[in-house]
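Biologist: I would like to learn how to read a few features in a structure file. Could we go through them one at a time?

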Amino acid sequence: MSMVSEFKEFAMKGNVMDLAVGVIIGGAFGKIVDSVVGDLIMPFIAWIMGGKLDFSGMFLVLGTIPEGTARTVDALKKAQVPIFAYGSFLTILVNFIILAFIIFVMVKQINRLKKSEPPAEPPSPPELAEEVLLLREIRDSLKK
């Protein structure tokens, strides 16, 4: 079997196609979760904490800041100043927790729907042909 035909057989299997669709939808879903966290949840948390708290702007400077460099994450990274950007990590962590919870709920609902389906009845054995029945009768009579 050539490598091209082997790859074609692999790529056309149902599981691979399902995985590809899942990855594409997951990427789009990840952007939605990023927006929910960045545009809805984080501003609400900042409001609750009584200020204009922006997690992405939380960092510790680990080096010396050159004169004239703004104290923002982007400016410090551009100036190659080592920083400990824990706020960005907190934002990504909140994204992960929300995404994991949504996936958990989805899987739980899918499993619940699968359980509610009635179990399939086992197929009844096929009826034997008349010739087979006659041969069995002959066999049984010869044994006697």
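## Reading the features

Modeller: This is a predicted model. Begin with the side chains of Arg139 and Asp140, which meet in a salt bridge with an N to O distance of 3.4 Å.

Biologist: How many salt bridges does the structure hold?

Modeller: One. A pair counts when a side-chain nitrogen of Lys or Arg lies within 4 Å of a carboxyl oxygen of Asp or Glu. Arg139 and Asp140, at 3.4 Å, form such a bridge.

Biologist: Is Asp140 buried, exposed or partly exposed?

Modeller: Buried means under 20% relative accessible area and exposed means over 50%, with partly exposed in between. Asp140 has 36%, so this residue is partly exposed. Arg139 is partly exposed too, at 43%.

Biologist: Which residues form a nonpolar patch on the surface?

Modeller: To join a patch, a residue needs over 30% relative accessible area. Here the members are Phe44, Trp47, Ile48 and Met49, and together they have about 540 Å² of accessible area. Take Ile48 as one of them: its relative accessible area is 54%, so Ile48 is exposed.

Biologist: Where is Ile48 found?

Modeller: Ile48 belongs to helix H2, which covers residues 14-48.

Biologist: What is the phi of Gln80?

Modeller: Phi is a backbone angle. For Gln80 the value is near 60°, which is positive, and this residue is not glycine. Gln80 sits in the loop between helix H3 (73-78) and strand E2 (83-84). With 71% relative accessibility, Gln80 counts as exposed.

Note on methods:
Residues are numbered from 1 along each chain as its sequence is written. This is a predicted model: local features need pLDDT of at least 70, side-chain atom pairs count only at pLDDT 80 or more; totals for chains, interfaces and linings use all residues. Side-chain values use heavy atoms; hydrogens and water are left out. Buried means under 20% relative accessible area, exposed over 50%, partly exposed in between (1.4 Å probe, protein chains only). Patches are made of residues with over 30% relative accessible area and no salt bridge: like charges are joined within 9 Å, nonpolar side chains (Val, Leu, Ile, Met, Phe, Trp, Tyr) within 5 Å. Accessible areas come from the Shrake-Rupley method with a 1.4 Å probe; for residues, only the protein chains shown count as cover. Helices (H or I, at least four residues) and strands (E, at least two) are DSSP runs, numbered from the N terminus.
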